[in-house]
Amino acid sequence: MNRMQHTVALVTGAAGGMGRAHCLRLAEEGADIIALDIEAAAAELAETAREVESLGRQCVTGIADVRDQASLDVAVADGVAALGRLDVIVANAGIYTDLGLSWELSDQAWQRTIDINLTGMWHTVRAAVPALSDGGSVVIVSSTNGIVGAAAAPPHNAGQHPRVGGGP
């Protein structure tokens, strides 16, 4: 349909699931893609790039962990340098793990989820907004637990609600 012709979109958590779906939909609409994900998902990220490119769009991939501001800063700068601009930020990276009752969770389980789902969203926006073109868009993706929490997912609920309730 090419509604996004001549635009570049950055997507975190792009190796699979919703992130890959965002990349493909944006590419179907004409956008070129900067696809970012963690090193452990490199093979899946390469598959996302192949699928985007099969739609006739460019895809620059980058390895970045949303918990690490420096890795995001580099990956965003490299992607923007390669494609020449940035028009859309999709802060999608998140996890739904470490489930259990809040009083049974370890500090590490709580912190890992908050670091990815909440702080990672902020890191993404912080890294990418300075490169965003005038009139660009920031899309912050949340699960439904950003609206209605799940009983056995307290850190996920806590990391998703700010995505709906105001973001960074």
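Colleague: In this predicted model, helix α3 (residues 69-83) and α4 pack at an angle of about 40 degrees, with their axes 9 Å apart. What makes α3 oblique to α4?

Modeller: Angles under 35 degrees count as roughly parallel, those over 145 as roughly antiparallel, 65 to 115 as roughly perpendicular and the rest as oblique, so the angle of about 40 degrees makes α3 oblique to α4. The axes are lines fitted to C-alpha atoms, for helices over the stretch in contact, and angles run from 0 to 180 degrees between N-to-C directions. The model is predicted, and its local features need pLDDT of at least 70, side-chain atom pairs count only at pLDDT 80 or more, and totals for chains, interfaces and linings use all residues. Residues are numbered from 1 along each chain as its sequence is written, and side-chain values use heavy atoms, with hydrogens and water left out.

Colleague: Which residues make the contact between α3 and α4?

Modeller: From α3 come Q69, L72, D73 and V76, and from α4 come G120, H123, T124, R126, A127 and A128, where contact means heavy atoms within 4.5 Å.

Colleague: Why is A43 called exposed?

Modeller: A43 has a relative accessible area of 57%, and since exposed means over 50%, buried under 20% and partly exposed in between (1.4 Å probe, protein chains only), A43 counts as exposed.

Colleague: Where do the side chains of β4 (residues 88-91) point?

Modeller: V88 and V90 point one way, I89 and A91 the other way, and all are buried. In a regular strand the side chains alternate between the two faces of the sheet.

Colleague: What makes β3 (59-63) and β5 the edge strands?

Modeller: The open sheet has 5 strands in the order β3-β2-β1-β4-β5, with parallel pairing, and β3 and β5 are its edge strands, each pairing on one side only. From one strand to the next the twist averages 15 degrees.

Conventions
Helix = DSSP H or I, 4+ residues; strand = E, 2+ residues; numbered from the N terminus. Pairing = 2+ DSSP bridges.
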